[in-house]
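Student: I have a structure to get through before class. Can we go over it together?
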Amino acid sequence: MISGVSTRPRFIGSDVYRRSTYGERHPLSIPRVPLTIDLCRTLGWLHPGDYVECAPASVAELARFHDPDYIAVVQQGERTGQLDIEVMRRHNLGKLENPVHPTMFLRPATAVGATLRAVDLVAGGGTVYSPAGGTHHGQRDRAAGFCYFNDPVIGILDLLDRGIAPVAYVDLDLHHGDGVEAAFHGDPRVLCLSIHEAGRWPHTGQADDRAGGSARNFPVPPGMNDSEFDYLGEAAILPLLARLGPQAIFVQAGADALADDPMGGQQLSNLAYWRMIARLQDVSPRLIVAGGGGYNPWAVARCWAGIWAVLTDAVVPQRLPDAAEALLRQVTWNRSQGRNPPQHWFTTLADAPRPGPVREAVKHLADLALAP
Ligand SMILES: [Zn+2]
């Protein structure tokens, strides 16, 4: 931490995320950011001055990375509710993945605004948490994987513009952080580290893909347990960061590698995420932690509230107080897992640990990443 700078982390959010407009069938039509905020507030973890409500990024700010024509199309889709079929095809819009919807510009632009605010707040040193961020699949001129814009790319570009380098990007999401890796291909000022499930969409991020020296990838076979995630943290991520000496770290903490997530085949408890965040806390003078994927509302909110606890040294209670439990019991989720939710999704924040053997394939990934 840089001396003289307040050490209390900030939490960036927005009321924009309180209304869902993706449509009922979309995996993101669940409360995630608002539930995380409300859970932290109910637990007394948001002190006065901690919470920052953010504004959407401007078109000029988005154009630091995105194609102006594409930005205009996203705005037009939000305004009119419809787009020409050829235009939608060109920008990968209009299907269930990236639907045309009433806040298709406002929501992602606000996530970018939050990340730019985070960069501003950490410029002199410190930590910011922005669970709305982490839209790592967004491409320069097209949407991908529920991501219309790419806030990590724009945030890292802003850090670099301010002379803050090198920057480490650490992606914990179930899916490879392809959009971020592609944007910084061969850039010696950025190192993109991504732990993701092997054999899964977007099918990039193989172990030998180093993006011209600016990336290391950890495609872990399905079934990753807490011990394996810890192993990669200690045996690969920390040594790589020690070599780099980052002036800032941007973490994408997508919660879809949790065992309770419906999307993937990984088997992590939220304790493993919390330990990984703790590991990354004092490696660099500046830390931005964003969200990402995560499609079980209870699992996401419990995991992400716990990340804020790690960042602020708050103590996670064994059993949640009544008000927090009531908050979690109000949530509904239209999936089979949501119809008979286990009681501990309401009564605890921490999952039961999920340790296990560290498979040779996982050790091999660490060795490959450290090899010259
Ligand atoms: Zn994901």
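This is a predicted model: local features need pLDDT of at least 70, side-chain atom pairs count only at pLDDT 80 or more; totals for chains, interfaces and linings use all residues.

Student: Where is confidence lowest, and where is it highest?
Tutor: Confidence is lowest in helix α12 (residues 336–339), with a mean of 80. Strand β4 (residues 167–171) is highest, at 99. Over residues 1–5, the pLDDT is below 50. That stretch has 9 contacts in the model beyond near neighbours in sequence.

Student: New topic, the sheet. What's the strand order?
Tutor: The order is β2-β1-β3-β8-β7-β4-β5-β6. The sheet is open, has 8 strands and shows parallel pairing.

Student: And which strands are at the edges?
Tutor: The edge strands are β2 (51–53) and β6 (215–220), and each pairs on one side only. From one strand to the next, the twist averages 15 degrees.

Student: Pick one pair. How many bridges do β7 and β8 have?
Tutor: Strand β7 (residues 248–252) and strand β8 (residues 286–290) pair over 4 bridges, in the parallel sense. Valine 251 stands opposite valine 289 in β8.

Student: Which helix lies across β8?
Tutor: Helix α10 (residues 297–312) does, and α10 also lies across β1 (10–13) and β3 (126–130). Its direction is at about 170 degrees to β3.

Student: Now helix against helix. What do I need to describe a packed pair?
Tutor: You need the angle between the two axes and the distance between the axes.

Student: Fine. What are those for α8 and α9?
Tutor: The axes of α8 (residues 226–244) and α9 (residues 270–280) come within 9 Å and cross at roughly 15 degrees. Angles under 35 degrees count as roughly parallel, so α8 and α9 are roughly parallel to each other. Their crossing is right-handed.

Student: Which residues of α8 and α9 make the contact?
Tutor: On α8 they are Asp226, Phe229, Asp230, Gly233 and Leu238. On α9 they are Leu271, Ala272, Arg275, Met276 and Arg279. By class, this contact of α8 with α9 has 5 nonpolar, 1 polar and 4 charged residues.

Student: What about α9 and α10, at what angle do they cross?
Tutor: Roughly 30 degrees, with the axes coming within 9 Å. That angle makes α9 and α10 roughly parallel to each other, and α9 passes α10 in a right-handed crossing.

Student: Which residues meet there, in α9 and α10?
Tutor: Asn270, Tyr273, Trp274, Ile277 and Ala278 in α9 meet Arg302, Cys303, Gly306, Ile307, Val310 and Leu311 in α10. The contact of α9 with α10 has 8 nonpolar, 2 polar and 1 charged residues by class.

Technical notes. Residues are numbered from 1 along each chain as its sequence is written. Two strands pair if DSSP finds at least two bridges between them. Helices (H or I, at least four residues) and strands (E, at least two) are DSSP runs, numbered from the N terminus. Axes are lines fitted to C-alpha atoms, for helices over the stretch in contact, and angles run from 0 to 180 degrees between N-to-C directions. Two residues are in contact if their C-beta atoms, placed from the backbone, lie within 7 Å. Angles under 35 degrees count as roughly parallel, over 145 as roughly antiparallel, 65 to 115 as roughly perpendicular and the rest as oblique. A crossing is left-handed if the near helix is turned anticlockwise from the far one by less than a right angle, and right-handed if clockwise. Ala, Val, Leu, Ile, Met, Phe, Trp, Tyr, Cys and Pro count as nonpolar, Asp, Glu, Lys and Arg as charged, and the others, Gly among them, as polar. pLDDT is the predictor's confidence in each residue, from 0 to 100.
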